[in-house]
Amino acid sequence: MPNNLKKNLSITFLVLAVNLISVYFFFRIDLTQDKKYSLSEATENMLQNLSGPVQVNVYLDGDDLPGGFERLKKAIEETLVEFKIEGGKNLNYQFINPIAQSTEEKRNALFKELIDKGMQPTNIYENVGGKKSENLIFPYATVSYE
C-alpha cells in the first residue's frame with residue numbers, strides 16, 4: 001500500500017474513532033481569556049444540588065425575530081443547555097412564542113399575564129415587501145422553583 005493511502009486511512013480512522021468516543025462524553029472548552037462562556041464554580045454547585053424541580057420559561061421565540069433578538073435567543077439557549085447539563089432532571093426549560101397561541105383569546109390572556117408581571121413588550125417595526133408591520137416581542141423569562 002502506498003504511504004499516502006496508509007496516511008489517509010489512518011487519519012480517517014482516527015477522526016471516526018474520535019467522533020464515536022465523543023458521542024458518549026460531553027465536554028466543552030472555553031478558550032476565551034476572561035472565561036466568558038464558562039459557568040462559575042458556585043453556579044455549577046448550585047445547579048448540581050437543586051433540591052427540587054426548576055422550570056425556566058423564555059418568552060422569546062418565533063420564526064421572524066430580528067437579528068439582535070435571534071442572537072439573544074441563541075445565547076440564552078446555549079446558557080440553558082449548560083444549566084441543564086449541570087442541573088440534570090431538576091432543571092427544565094422551554095421557549096414560548098406569546099404571539100403563536102392557538103386563539104386570539106389565549107394570546108391576549110398570556111399578554112395580560114406577562115404585562116401584569118411587569119414584562120412590558122417591545123414593539124418591533126419592520127418593512128416587509130413595502131408593507132410596514134408591527135410585532136410585539138417579550139424578551140423575558142420566568143423561573144419557577146418547585
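The following dialogue concerns a predicted model of one protein chain.

Modeller: In this predicted model, local features need pLDDT of at least 70 and side-chain atom pairs count only at pLDDT 80 or more, whereas totals for chains, interfaces and linings use all residues. Residues are numbered from 1 along each chain as its sequence is written, and side-chain values use heavy atoms, with hydrogens and water left out.

Biologist: What makes the secondary structure four helices and five strands?

Modeller: Helices are DSSP runs of H or I with at least four residues, and strands are runs of E with at least two, numbered from the N terminus. The protein chain has four helices and five strands, in the order α-α-β-α-β-α-β-β-β.

Biologist: How do you know how the radius of gyration of the protein chain stands against that of a compact globule of 146 residues?

Modeller: The radius is taken over C-alpha atoms, and the globule rule is 2.2 Å times the number of residues to the power 0.38. The rule gives a value near 15 Å, but the protein chain has 22 Å. The C-alpha trace spans about 70 × 50 × 35 Å along its principal axes.

Biologist: Why is the set that includes Val58, Leu60, Phe69 and Ile137 called a nonpolar core?

Modeller: A nonpolar core is a set of buried Ala, Val, Leu, Ile, Met, Phe, Trp, Tyr and Cys residues joined through side-chain atoms within 4.5 Å; buried means under 20% relative accessible area with a 1.4 Å probe, protein chains only. The largest such set has 13 residues, and those four touch the most other members. β1 (54-58), α3 (67-87) and β2 (91-95) each supply at least two residues of this core, with β1 giving the most, three.

Notes. Buried means under 20% relative accessible area, exposed over 50%, partly exposed in between (1.4 Å probe, protein chains only).
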